[in-house]
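Please view the sequence and the model together before reading on.

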Amino acid sequence: EAGVDHAAIVQAFEDQGFDVSTFAYAGETRLAYAHRIADEVRTMMSNGVAPEEINVVGAGSGSKVTTLTSALVGNRHVNYVLLGQCDPVMKANYNFRMSGRVLGIHDANDSTSQSCRQLWGDSPKVSGRKGLVLNTGHGSALFNEPRKEWLQPVSEWATGGEVSVGETSIGRVDEPAPSPRK
């Protein structure tokens, strides 16, 4: 997509020790694209890669492909990250149930994204779920470059960790609540 620094984003994940494979859009339908990625995920698992070590990350329109990939793979342990453009209408357009550990992130100023929660609702194979709304002011452009506001929670999720809201409220405008004193 225009304005997205793919190379810098890939480099940021590689700098953290991740092996990154990118799947360029080849002009196919969204569902065919998801089938191509799901086939790759299944191949990795059949080659001995543990499902919990596999992370499928999609940003913008790619988050819709990631949603469908999750439904096609059907494994409770693969990690999925949806960066922006969560669209509950997808449930009406495609009949699916997601699977795996799913993290959804969008910026509060992003008019193209709603909560991802409806996408993973009624999905018994979703073993973990978390929705984060960041207040960075970048809107849908938040994911155009590697920014710690979204890289940190994605890295924590990808390594099987829990994403702590306290660590992901970077860029919030309001002050954190004072800790109770004893």
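The points below proceed from the overall layout to selected elements and residues.

This is a predicted model, in which local features need pLDDT of at least 70 and side-chain atom pairs count only at pLDDT 80 or more, while totals for chains, interfaces and linings use all residues. Residues are numbered from 1 along each chain as its sequence is written, and side-chain values use heavy atoms, with hydrogens and water left out. The secondary structure of the protein comes to 7 helices and 4 strands; helices (H or I, at least four residues) and strands (E, at least two) are DSSP runs, numbered from the N terminus.

**Overall layout and confidence**

- From the N terminus on, the order of elements is α-α-β-α-β-α-β-α-β-α-α.
- Of the 182 residues in the protein, 40% are buried; buried means under 20% relative accessible area, exposed over 50%, and partly exposed in between, with a 1.4 Å probe and protein chains only.
- Among the contacts with a separation of 6 or more, 67% are between residues 24 or more positions apart; a contact means heavy atoms within 4.5 Å.
- The average pLDDT of the protein is 87, and 87% of the residues score at least 70; pLDDT is the predictor's confidence in each residue, from 0 to 100.
- The pLDDT is below 50 over residues 165-182, a stretch that has 15 contacts in the model beyond near neighbours in sequence.
- Where pLDDT is low, the predicted coordinates should not be read in detail.

**The sheet**

- An open sheet is formed by 4 strands in the order β1-β2-β3-β4, with parallel pairing; two strands pair if DSSP finds at least two bridges between them.
- β1 (55-59) and β4 (125-134) are the edge strands, and each pairs on one side only.
- On average, neighbouring strands of this sheet are turned by 10° against each other, direction ignored; the axes are lines fitted to C-alpha atoms, for helices over the stretch in contact, and angles run from 0 to 180 degrees between N-to-C directions.
- β1 and β2 run parallel and are joined by 5 bridges; valine 56 has tyrosine 80 in β2 as its bridge partner.
- Strand β2 (residues 79-83) is mostly covered, with 5 of its 5 residues buried.
- From β2, Asn79, Val81 and Leu83 point one way, whereas Tyr80 and Leu82 point the other way, and all are buried.
- Strand β3 (residues 99-107) pairs with β4 in the parallel sense over 9 bridges, and arginine 101 stands opposite glycine 128 in β4.

**Helix α6**

- Because 9 of the 11 residues of helix α6 (residues 148-158) are buried, this helix is largely enclosed by the rest of the structure.
- Those buried residues are Glu149, Trp150, Leu151, Pro153, Val154, Ser155, Glu156, Trp157 and Ala158.
- Serine 155 lies in helix α6 and counts as buried at 8% relative accessibility.
- Not counting residues up to four places away in sequence, serine 155 touches Phe13, Gln16 and Phe18.
- Glycine 160 follows α6 and has a positive phi, near 80°.

**Aromatic rings and charges**

- The structure holds 4 aromatic pairs; rings of Phe, Tyr and Trp (its six-membered ring) pair if their centres lie within 6.5 Å, and planes under 30 degrees apart count as stacked, over 60 as edge-to-face and the rest as tilted.
- One of these pairs is phenylalanine 13 with phenylalanine 18, which is edge-to-face at 5.9 Å centre to centre and 80° between the planes; both residues are buried.
- Phenylalanine 143 and tryptophan 150 form an edge-to-face pair, at 5.7 Å centre to centre with 75° between the planes, and both are buried.
- Phe13, Phe18, Phe143 and Trp150 are linked into a cluster by ring pairs.
- The charged end of arginine 101 sits over the ring of tryptophan 157, 4.0 Å from its centre; a charge sits over a ring if NZ of Lys or CZ of Arg is within 6 Å of the ring centre and within 35 degrees of the ring normal.
- The charged end of lysine 91 sits over the ring of phenylalanine 96, 4.8 Å from its centre.

**Leucine 119**

- Leucine 119 is placed in helix α5 (residues 117-120) and is buried, with a relative accessible area of 1%.
- Leaving aside neighbours within four places in sequence, leucine 119 is in contact with residues including Leu82, Lys91 and Phe96.
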